[in-house]
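Take a look at the chain below.

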Amino acid sequence: MNTIERLGDRLIEEAMLMNASDIHFVPKIDEAMVQFRLDSDLYEKHKLSKDTCDRLISHFKFMAGMDIGERRRPQNGALTVVNRNMTINLRLSTLPTAYQESLVIRILLDQVHHPLSQLSLFPQTTKRLLSLLKHSHGLIIFTGPTGSGKTTTLYSLLHESKKLFNRNIITLEDPIEKKSNDVLQVQINEKAGITYATGLKAILRHDPDIIMVGEIRDSETATIAIRAALTGHLVLSTMHTRDSKGAIYRLLEFGASLQEVEQTLIAIAAQRLIDLVCPYCEGKCTPLCKKLRHTRRAGVYEILYGKALSSALKEAKGEHSEYHYQKLRDVIKKGIALGYLYPDSLERWSYHDKEK
């Protein structure tokens, strides 16, 4: 094993020991920096020469089956490694910059699923989410920015549903983020002819109870998700919107009719993953303390369902409708008041509501 291989293995091991979620290779004018992401913060870990960083990036690209000679366009790749008897899935993303190529490695532990009880800051939210899975058909959407824990929530719900109701669950993802023995997972592969459209047609013939569509990102995936929900299946998916109400308008933008949305939509949950107040550190938690703490973040949810969802749909039609539900700001304020969350969480993770 040469020096670069040893350095690459050591960085992966260090990230694992620190419970980091991402490794960033950031090129500078005269050198390069290695940063680890712990929760929502980035910490500088190492400084490397530009030549060492370049060789290290080429090593990871080669391992992931990427084109090591191509540095002028972004690339994505994935590989699986075994470290300390643990199977680790790595997702790689390269980006050409003004100085050199940058690389970000996302670390995903195989077969590690968070219990449903540990997801939400408030237990009643977990019960409400689980109750939504009792529906036999319809569409449930989870919204939030990248890194807000949507995939973790989805898989925790799917595993709980499998355990409690013994449902046949099939996922359609691009890419598969967390491998699981409890659900059938289908990887989108356009070169092999497996698109969202063809994949869903095949899934519908496979007698599923629950279908998870990785992300509603365009008109095609929106049509697919709604069509599956209309044919008598429970469909779970994700979307990027600012709040839960925004998902209705996003579906309409993607070409879904308001009647289809009314017929299929069961609930929309907007979520954020927020740092919990450290009981040991004054102020922000240190990287060493984060490494030792088992639970460092919790999800907060804004769930739009029932009468509030019906009223939001009426509003989308242009009809006047007054309704109240617990918004993200309200949940975060409650967490701050009870001492669970840092005071700056409100401005960082929510937006100003004009009504307030």
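## Ground rules

A residue is called buried when its relative accessible area is under 20%, exposed when that area is over 50%, and partly exposed in between (1.4 Å probe, protein chains only). This is a predicted model, in which local features need pLDDT of at least 70, side-chain atom pairs count only at pLDDT 80 or more, and totals for chains, interfaces and linings use all residues. Residues are numbered from 1 along each chain as its sequence is written, and side-chain values use heavy atoms, with hydrogens and water left out.

Helices (H or I, at least four residues) and strands (E, at least two) are DSSP runs, numbered from the N terminus. Contact means heavy atoms within 4.5 Å.

Start with valine 235. It belongs to strand β11, residues 234–239. How accessible is valine 235? Its relative accessibility is 0%, so valine 235 counts as buried.

Which residues does valine 235 touch, apart from those up to four places away in sequence? They are Gly138, Leu139, Ile140, Ile211, Val213, Ala225, Ala228 and Ala229. Methionine 212 is 23 residues from valine 235 in sequence, and their C-alpha atoms are 5.7 Å apart.

## Two serines in helices

Serine 156 sits in helix α4. Its relative accessible area is 4%, so serine 156 is buried. With neighbours within four places in sequence left aside, serine 156 contacts His114, Leu116 and Leu119.

Serine 131 is in helix α3, residues 123–132. Here the relative accessible area is 31%, so serine 131 is partly exposed. Serine 131 and lysine 317 are 186 residues apart in sequence, with 28 Å between their C-alpha atoms.

## Where α1 meets α2

Helix α1 (residues 3–17) packs against helix α2 (residues 50–63). Their axes are 10 Å apart and the angle is about 80°. Axes here are lines fitted to C-alpha atoms, for helices over the stretch in contact, and angles run from 0 to 180 degrees between N-to-C directions. Angles under 35 degrees count as roughly parallel, over 145 as roughly antiparallel, 65 to 115 as roughly perpendicular and the rest as oblique. Therefore α1 and α2 are roughly perpendicular to each other.

From α1 come Ile4, Glu5, Leu7, Gly8, Leu11 and Ile12. They meet Thr52, Arg55, Leu56, His59 and Phe60 of α2. The residues of this contact split into 6 nonpolar, 3 polar and 2 charged. In this count Ala, Val, Leu, Ile, Met, Phe, Trp, Tyr, Cys and Pro are nonpolar, Asp, Glu, Lys and Arg are charged, and the others, Gly among them, are polar.

Helix α10 covers residues 306–316, and its residues Ala308, Leu309, Ser311, Ala312 and Leu313 are buried. What covers them? The cover includes α7 (246–253), α8 (258–264), β12 (265–275) and β13 (297–305). After α10 comes glycine 318, with a positive phi near 100°.

Arginine 329 lies in helix α11, residues 328–337. Its relative accessibility is 12%, so arginine 329 counts as buried. Glutamate 302 is 27 residues away along the chain, and the two C-alpha atoms are separated by 8.8 Å.

## Rings and charges

Rings of Phe, Tyr and Trp (its six-membered ring) pair if their centres lie within 6.5 Å; planes under 30 degrees apart count as stacked, over 60 as edge-to-face and the rest as tilted. The count comes to 3 aromatic pairs. Tyrosine 323 and tyrosine 325 form a stacked pair, with 5.9 Å from centre to centre and 5° between the planes. Tyrosine 323 is buried at a relative accessible area of 15%, and tyrosine 325 is buried at 16%.

A charge sits over a ring if NZ of Lys or CZ of Arg is within 6 Å of the ring centre and within 35 degrees of the ring normal. Lysine 284 has its charged end over the ring of tyrosine 342, 4.3 Å from the centre. Lysine 334 lies over the face of phenylalanine 122, 4.5 Å from the ring centre.

## Two positive phi angles

Most residues other than glycine have a negative phi. Aspartate 39 is not a glycine, yet its phi is positive, about 60°. Aspartate 39 lies in the loop between β2 (31–38) and β3 (41–49). Its relative accessibility is 8%, so aspartate 39 counts as buried.

Asparagine 166 has a positive phi too, near 50°. Its loop runs between α4 (150–165) and β8 (169–173). Buried or exposed? At 59% relative accessibility, asparagine 166 counts as exposed.
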